[in-house]
Amino acid sequence: MATKLMQGADAVAESALNVGCRFFAGYPMLPFTPLLEAMAKQMPAVGGVCMNASSEIEAVNMALGAGAAGARAGTGSCGQGIALMQETIAEAALNEVPIVVFNMARGQQDYFQCTRGGGWGDYRTITLAPKDVAEAVEHTQELFQLADKYRAPVILYGDYLISDTFMSVDPSARHFEPLASKDDWALDGTRGGTGGSRQIWTWALGKANAPGPGPDGQWRRLAEKFNEIAKVEARHDSYLSADADYLIVSFGTSSPFVDYVVEELRSEGINAGAFRPITLWPFPEAALAEASAHAKRVLVYEVNAGQMLDDVRLSVADRSKIDFIGGVSVDYSGMRQGESLQVAAIRAAVLEAIKREGAS
């Protein structure tokens with residue numbers, strides 16, 4: 001495997017195609033637009049289809065149809081556009097149609113959207129939040145695998161830094177465990193008119209002459225499926241957290257900035273550490289509980305008004321030691337990066353929290 005210098009959007013697109021994505025649809029909206037353009041450029045070479053849809057609603061429903069037919073399919077936008085996709089994302093979850101949704105967000109203000117959703121019914125979406133382009137390349141392939149494994153829509157939470165940063169990456173196909181065949185459920189047209197044609201619908205999963213478990217049975221089965229996913233798919237990363245007096249929790253592309261601050265503070269004799277949920281859902285509650293058990297303070301850094309903060313509060317036994325050090329941050333680009341996403345600003349926020357702890 002060889003690495004090459006690539007822009008994030010190009011790398012993510014190539015990674016998706018290398019793992020078998022053959023349909024993609026989207027509507028241009030920054031910072032998602034470079035990914036859509038990369039898909040449009042690269043997809044024809046592998047015999048796939050990329051559609052520049054007339055709206056986000058049209059794009060996600062195209063992806064739903066392709067996924068129902070058995071294709072590895074994706075769509076995406078930034079949070080504003082994905083807000084319009086929520087009903088169809090819910091339908092995909094409840095009808096068990098695998099698709100990958102790429103949220104190239106304008107900052108970190110879409111945490112609730114990815115983890116709580118805006119659709120109807122009892123469903124969840126596995127959400128991976130890469131820290132950089134190299135990890136986004138890996139997560140892209142993992143998400144197509146997870147979507148097929150669980151027959152569910154899944155989300156990659158990226159942003160402007162993922163989309164536009166250049167990094168040396170290896171987008172070649174990775175090895176994954178074999179999955180069950182799609183032959184028993186994909187709507188591929190081979191059974192039309194036979195009386196045994198397949199159906200994908202929340203109250204009639206199965207075949208025309210052998211309907212599924214009915215609404216109640218389907219809801220209960222899906223609830224159990226998502227409960228099982230939550231038990232086995234939670235992922236996290238930690239840095240110098242074992243003896244940390246001050247544990248900083250962050251996610252996505254803010255985490256490398258936090259890690260740098262941790263290194264600086266350690267060199268000055270302050271026992272800081274970092275914890276990063278890789279899966280925003282399922283949130284790694286047990287791992288954070290363990291990592292924070294001996295910390296004096298748990299400092300939550302995110303570039304929003306406090307969204308992951310809720311999950312941290314649910315995970316840390318002593319809420320009194322949690323301190324929010326993030327906040328809304330904007331800049332001229334409109335990508336919601338701003339002054340807060342700087343090492344100096346994060347460092348100052350951490351030191352201020354330590355000062356407050358010492359004064360209490």
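Q: Which residues in H1 meet which residues in H6?
A: On the H1 side they are Gly8, Ala11, Val12, Ser15, Ala16 and Asn18. On the H6 side they are Val133, Ala136, Val137, Thr140, Gln141 and Phe144. Keep in mind that this is a predicted model.

Q: What classes of residue make up the contact of H1 with H6?
A: Seven are nonpolar and five are polar. No charged residues take part in the contact of H1 with H6.

Q: OK, what are the angle and the distance for H1 and H6?
A: The angle is about 30 degrees, and the axes of H1 and H6 are 9 Å apart.

Q: Are H1 and H6 roughly parallel or roughly perpendicular, and why?
A: Angles under 35 degrees count as roughly parallel, so H1 and H6 are roughly parallel to each other.

Q: Is the crossing of H1 and H6 left-handed or right-handed?
A: The crossing of H1 and H6 is right-handed.

Q: Now H2. Where do the axes of H1 and H2 come, and at what angle do they cross?
A: The axes of H1, residues 8–18, and H2 come within 8 Å. They cross at roughly 50 degrees. That makes H1 oblique to H2.

Q: Left-handed or right-handed for H1 and H2?
A: H1 and H2 cross in a right-handed way.

Q: What classes of residue are in the contact of H1 with H2?
A: Nine nonpolar, one polar and two charged residues.

Q: Which residues of H1 and H2 meet?
A: H1 brings Ala9, Asp10, Val12, Ala13, Glu14, Ala16 and Leu17. H2 brings Pro34, Leu35, Ala38, Met39 and Gln42.

Q: Switching to H3 and H4. What is their angle, and how far apart are the axes?
A: Helix H3, residues 56–68, packs with H4 at an angle of about 25 degrees. Their axes are 8 Å apart. That makes H3 roughly parallel to H4.

Q: Which residues make the contact of H3 and H4?
A: From H3, Glu56, Ile57, Ala59, Val60, Asn61 and Leu64. From H4, Gly81, Leu84, Met85, Thr88, Ile89 and Ala92. By class, the contact of H3 with H4 has eight nonpolar residues, three polar and one charged.

Q: And the crossing of H3 and H4, left-handed or right-handed?
A: H3 passes H4 in a right-handed crossing.

Q: Let's look at loops. Where is Thr125?
A: Thr125 sits in the loop between helix H5 (111–116) and strand S6 (126–128).

Q: Is Thr125 buried or exposed, and why?
A: Thr125 counts as buried because its relative accessibility is 6%. The cut-off for buried is under 20%.

Q: What is Thr125 in contact with, leaving aside neighbours within four places in sequence?
A: Ile89, Cys114, Pro153, Ile155 and Trp281. The side chain of Thr125 also reaches the backbone oxygen of Cys114 at 2.9 Å.

Q: Trp281 came up there. Which residue does a cis peptide bond join to Trp281?
A: Pro282, with omega about -5 degrees. Pro282 is in the loop between strand S14 (279–281) and helix H10 (285–292).

Q: What about the peptide bond from Leu30 to Pro31, cis or trans?
A: The bond from Leu30 to Pro31 is cis, with omega near 5 degrees. Pro31 lies in the loop between strand S2 (21–26) and helix H2 (33–42).

Q: Why point these bonds out?
A: Most residues other than glycine have a negative phi, and most peptide bonds are trans.

Q: Then what is phi of Glu96?
A: Near 60 degrees, a positive value in a residue other than glycine. Glu96 is in the loop between helix H4 (79–94) and strand S5 (100–105). Glu96 is buried, at 5% relative accessible area.

Q: And what is phi of Arg151?
A: Arg151 has a positive phi of about 50 degrees and is not a glycine. Its loop runs between helix H6 (133–150) and strand S7 (154–159). Arg151 is buried too, with a relative accessible area of 18%.

Q: Last one. Where is Lys321, and what does its side chain reach?
A: Lys321 is in the loop between helix H11 (308–315) and strand S16 (322–324). Its side chain reaches the backbone oxygen of Ala293 at 3.3 Å. Lys321 is buried, with a relative accessible area of 11%.

Notes
Residues are numbered from 1 along each chain as its sequence is written. This is a predicted model: local features need pLDDT of at least 70, side-chain atom pairs count only at pLDDT 80 or more; totals for chains, interfaces and linings use all residues. Side-chain values use heavy atoms; hydrogens and water are left out. Helices (H or I, at least four residues) and strands (E, at least two) are DSSP runs, numbered from the N terminus. Buried means under 20% relative accessible area, exposed over 50%, partly exposed in between (1.4 Å probe, protein chains only). A polar contact is a pair of N or O atoms within 3.5 Å; within protein, one must be able to donate a hydrogen and the other to accept it, and residues adjacent in sequence count only if both atoms are side-chain atoms. Contact means heavy atoms within 4.5 Å. Axes are lines fitted to C-alpha atoms, for helices over the stretch in contact, and angles run from 0 to 180 degrees between N-to-C directions. Angles under 35 degrees count as roughly parallel, over 145 as roughly antiparallel, 65 to 115 as roughly perpendicular and the rest as oblique. A crossing is left-handed if the near helix is turned anticlockwise from the far one by less than a right angle, and right-handed if clockwise. Ala, Val, Leu, Ile, Met, Phe, Trp, Tyr, Cys and Pro count as nonpolar, Asp, Glu, Lys and Arg as charged, and the others, Gly among them, as polar.
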